[in-house]
Amino acid sequence: MAQMLINGLSVGALSGQELDVLSPVDGQKFDVIPRGDRADVDLAVKAAQNALTSAWGRMTALERGRLLHKLGEKVLEHHAELAALEARDTGKPMTTARNDITVLARYFEFYGAGADKVHGMVLPFLDGYTVNVLREPLGVTAHIIPWNYPAQMLGRSIAPALAMGNAVVVKPAEDACLTPIRVAELAREVGFPPGSLNIVTGLGEEAGAALSEHPGINFISFTGSNEVGVLVQKAAAKNVVKCVLELGGKSPHVVFDDADIDRAVPIIVRGIIANTGQTCTAGSRLIIQQGVYPRMMDKLAEQFSKVRVGTPEMDLDCGPVVNIAQQQRVEYFLNEAKKSNIELVAQGSLAPGLPAAGYYVTPTLLGRVPPSHACAQEEIFGPVLATMAFDTEAEGIALANSTQYGLMAAVWTENGGRQQRVSKAIKAGQVYINAFGAGGGVELPFGGVKKSGHGREKGFLAMEEMSTTKTVVHYHG
Ligand code: NAD
């Protein structure tokens with residue numbers, strides 16, 4: 001049985017209660033996790049508070065950086081084990097799971113190297129004064145993460161917080177706790193002091209709500225759905241703590257007639273089928289200029305019909321989705337498309353002999369989706385690509401900006417002026433030109449505008465988000 005990690009100890013829930021862990025591959029139970037609640041969260045927050053005034057709090061930035069580096073190395077030593085665990089828990093194809101563990105290690109490497117590089121300043125001021133602006137940790141930081149990339153989200157959220165000297169309490173998603181727990185055990189092995197990194201598992205409405213409402217926390221990093229993000233922000237407001245919200249997306253590709261279609265098509269297909277579409281930055285809307293629409297759809301259809309779905313070990317293009325609710329969600333949107341007579345231009349295929357009780361869905365390319373349709377507006381969180389056509393540059397931009405979200409976008413054109421105009425006009429936290437979500441992007445500041453959230457993670461900006469300044473004004477004559 002997997003256990004939580006509180007104050008350096010592997011423990012069950014104080015209540016003794018557990019939750020079943022089901023495999024997305026066949027819907028069968030294969031493990032249990034503790035059903036932590038308010039009492040366990042309270043213990044974890046107290047352990048984190050104690051860590052700030054003991055061994056962890058006394059470490060220099062250099063020492064924290066070294067520990068993070070060691071954790072990155074340890075993750076790489078355990079790469080195969082962690083990838084297998086991640087694939088088992090989430091259903092990801094092995095190649096995706098392996099990549100996720102590599103990116104997890106990158107977060108510890110990047111922020112390990114950054115720990116002693118985000119610092120204060122000395123300001124010029126009045127005669128007789130010296131002003132120091134100190135860079136300080138926020139204190140206890142809470143990290144509530146989703147199930148789609150449990151390993152990557154863990155690294156992205158906690159590595160900058162630890163680098164800046166905070167003590168962290170993590171609430172992983174109930175559907176995907178196993179890798180975060182194992183990584184916390186590895187952190188203990190490399191020498192993270194008790195209380196510096198705590199993991200509390202359990203239900204969102206119990207452990208998650210208790211963590212976001214706890215008066216002992218000083219910051220919340222939340223990644224997940226908009227509905228829960230609003231609850232978390234309300235809880236943060238009650239305690240007057242800052243929160244970063246990384247929420248949903250409906251990210252557009254805008255493809256102009258002059259685009260390099262041969263380069264674009266495989267990247268666009270990858271951008272929607274990766275992780276079976278369960279990616280906040282999935283490129284789920286494809287906005288194509290009329291002149292290239294037929295040619296582009298032909299090429300897309302050819303590639304989409306080759307997409308194959310199977311178990312993690314089969315290591316095909318897609319695995320199952322994470323749970324039955326997610327499977328039903330994808331099926332609901334496909335039915336909505338059919339009811340509205342939207343053309344299912346091409347579909348991938350399920351490998352023969354998959355377990356009937358597994359959570360498999362069929363990757364689908366939708367043709368000419370009306371911009372106001374649910375499939376063009378809502379985050380499906382599955383491998384479903386909604387295409388639509390436009391005439392002028394202004395129309396393309398308007399379509400790109402026509403949802404409540406603003407997370408990521410791509411512009412595909414060879415025209416330099418248009419590359420600049422369109423990327424500036426699109427409302428999103430990241431815009432790619434002739435590329436999409438390249439290379440994990442640990443270094444690249446990331447986050448949303450509009451309903452995709454606020455605050456920034458990744459890059460050096462995350463270390464600023466997860467720390468504060470104190471201005472010390474000294475009169476010495
Ligand atoms: P979710 O909101 O259901 O759950 C996210 C986390 O919040 C889980 O740990 C869950 O246990 C917890 N939670 C649930 N109810 C809670 C409550 N009342 N109080 C506090 N915590 C609670 O999201 P999900 O279904 O796990 O993840 C999918 C969503 O996450 C999608 O919308 C996706 O776009 C988004 N996401 C965003 C990013 C990003 O960086 N912007 C990255 C990954 C996923």
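Guide: Two strands are said to pair if DSSP finds at least two bridges between them, and strands (E, at least two residues) and helices (H or I, at least four residues) are DSSP runs, numbered from the N terminus. This is a predicted model, in which local features need pLDDT of at least 70 and side-chain atom pairs count only at pLDDT 80 or more, while totals for chains, interfaces and linings use all residues. Residues are numbered from 1 along each chain as its sequence is written, and side-chain values use heavy atoms, with hydrogens and water left out.

Visitor: How many bridges join strand 5 to strand 6?

Guide: Three bridges join strand 5 to strand 6 (residues 129-137), and the two run antiparallel; within this pair, Met121 stands opposite Val133 in strand 6.

Visitor: Which order do the strands of the open sheet have?

Guide: The order of this three-stranded open sheet is 5-6-22, with antiparallel pairing. Strand 5 (121-123) and strand 22 (467-475) are the edge strands, each pairing on one side only. On average, neighbouring strands of the sheet are turned by 25 degrees against each other, direction ignored.

Visitor: Which residue takes a positive phi in the hairpin of strand 3 and strand 4?

Guide: That residue is Gly27, with a phi near 70 degrees, in a hairpin that has six residues between the strands. Strand 3 (residues 18-22) and strand 4 (residues 29-34) run antiparallel and are joined by five bridges, and Leu22 stands opposite Lys29 in strand 4.

Visitor: At what angle do helix 3 and helix 7 pack?

Guide: Axes are lines fitted to C-alpha atoms, for helices over the stretch in contact, and angles run from 0 to 180 degrees between N-to-C directions. Helix 3 (residues 61-77) and helix 7 (residues 178-190) pack at an angle of about 125 degrees, with their axes 9 Å apart. That makes helix 3 oblique to helix 7, given that angles under 35 degrees count as roughly parallel, over 145 as roughly antiparallel, 65 to 115 as roughly perpendicular and the rest as oblique.

Visitor: Which residues make the contact?

Guide: With contact meaning heavy atoms within 4.5 Å, helix 3 contributes Leu67, Lys70, Leu71 and Lys74, and helix 7 contributes Val183, Leu186, Ala187, Glu189 and Val190.

Visitor: What are the dimensions of the chain along its principal axes?

Guide: The C-alpha trace of the chain spans about 70 × 60 × 40 Å along these axes, and its secondary structure comes to 16 helices and 22 strands.
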